[in-house]
Amino acid sequence: MIQINQIESNESSFIRIMSWNILAQCLIKREQFPWITVAPNCPNPIAQKTRVPLILRCLDIHKFSIAALQEVDYDQWNSLIKDKLSKLNLDALHFRKSEEKRSGGHGLAVLWNQEMFTCVASKLIHFDDHPLIHPTDFNPCTGNIGCLAALKYIGTDSRLFGFGLVVSNHHLFWWPKAKFEKLRQMYILLNEVEAFRKELESVENGASKWPHVMCGDFNTTPSDALYHVLTSSNDLSPDLLNSLEPVVMSKPTKSSSSIESSPSITPAMTTSAVIDPNISYKIVSKDFLLEQVKSFGLYSSAYCTYRTHHESHSDLSTVESPWDGEPSYTSFDDWRGTLDYIMYRKEAEKDSEWELQVKSVLKIPEAKWLEPGLPNLRFPSDHVPILTEFRVARLESRAFLKSL
C-alpha cells in the first residue's frame, strides 16, 4: 500500500474499497492479444481455467470491505465464481447488461464482507432506457449500465454504529470520441444516486445521509473533460469544452488498444422506460449536461496524488495528453492509460454525519510484471485492481445537532 495521509490507526476506523474491471470472458478474442504466446504444456493466460482462479485469489488477498467489479461475465459468474464467494466471507449482487439473453453477456457486481456490511437496497440503471435523456444519433444505444447498492455497517466497531455507504458502480461507453455520451451517462448516474438516497430514508433511518463512493471503469483518462468536470471547479479549456460537442460517429474498430470497453439481499429495481422508434427525441446541449453534473458537487479521486507519493512510478501511458497525479496506467495492453477510479466527496456532504479520508491506496504493479501486456499468468485482466483504505470519521458536531 502507498500511504497518502498520516493517520493514527489506533484511534480510527477504516474500510477498504476496491474497483476492478476483470475482463469478461465473452469479450476475449485471441487476435486482440497478439503478444500472448503459449508454450507447450503451459497455461494460456486468456483461458477461463487459468483466469478464474487468479480472479478469486485477487478477491481473497486484498481483504476489501467492499468491491465494485466491471465486465463480470454472466456465465462465468454463475458457474465458477458466485458459489465460491461464501468461502471468502463475501456476499454479492450481480447486474446483467441485458436480461433478455438466457445466457452469455456480462455486467457489474458489487461485493462486500458479510461480517461488516449488509445490503439494504439496490438499483440497476440502464443508461439507454432512461426517461431523463434518450439516445439519439449523437448518443447511440450503448448497452452500458450502472448500479447502486446501499450497504449498512453491521460490524463490531462501535465508532461506526449507524454508518453506511451508497456505492455506485458503472462501466461507461468505450468509444474514444464519444465524450458527449459519457457526460450524458454520468448525468444519469448522479441523478439516480440522488433519487436513490432520498428513497433510502424509508428503508433505513439516516441512510439518505450516508456518503457516496463512485467506482468504475470511466473509459475516461485524467486528461479528458469528464474527469475535470467531476473533480475541479475550474472552467474547462476551450479544447476540452469543444471535445464535449455531440458528433455523429460510426462505430470504431475495437481492439485492445481502444479505450474500453451470491444470494441477493434485495431484488434490484430497474428502470422500465422504452425508446419509441416513432418519436424523434431532442438532443440536449452539452452546456445543460455540464450544469447538471456540476450541480451534484465535486468529487475527488482517491489516486489523484498517487505519483506525488510514489515518485518511482513510471509514466508509461500511450496517450497524446499525459497527466500528473493519477497513475499513468490502470489498463495495460498495447494501449496504456488510466481509466479506473474510486471517487468520493472530499468535503463531507451537507447534513452528513460521516467523513471519508484517504489513508492509503493499493500500489499499481510495476511495468516489469505487466510487460508486454495484460492479461498474463499473474494478472488475469487487462486492467489492474485499484483499492483505497478510507478512514471513516463521525462528525461529532453534526451528530450532536441531529440528536437535539
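This note covers a predicted model of one protein chain, taken point by point.

1. Ground rules. Residues are numbered from 1 along each chain as its sequence is written.

2. The whole chain. The chain has 8 helices and 16 strands (DSSP runs numbered from the N terminus: helices are H or I, at least four residues; strands are E, at least two). Of its 404 residues, 58% are buried (under 20% relative accessible area, 1.4 Å probe, protein chains only).

3. Helix 1. Residues 48-61 form this helix of 14 residues. Its span from first to last C-alpha is 20 Å, close to the expected 20 Å (1.5 Å times one less than the number of residues). Buried residues here include Val-52, Leu-56 and Cys-58. The buried residues pack against strand 2, strand 3, helix 2 and strand 5 (contact means heavy atoms within 4.5 Å). Lys-63 follows helix 1, with a positive phi near 45°.

4. Helices 3 and 6. Two packed helices are described by the angle and the distance between their axes. Helix 3 (179-200) and helix 6 (286-295) have axes that come within 9 Å and cross at roughly 40° (axes are lines fitted to C-alpha atoms, for helices over the stretch in contact; angles run from 0 to 180 degrees between N-to-C directions).

5. Who meets whom. Helix 3 brings Phe-180, Leu-183, Arg-184, Tyr-187 and Leu-190. Helix 6 answers with residues including Lys-286, Phe-288 and Gln-292.

Conventions
This is a predicted model: local features need pLDDT of at least 70, side-chain atom pairs count only at pLDDT 80 or more; totals for chains, interfaces and linings use all residues. Side-chain values use heavy atoms; hydrogens and water are left out. Buried means under 20% relative accessible area, exposed over 50%, partly exposed in between (1.4 Å probe, protein chains only).
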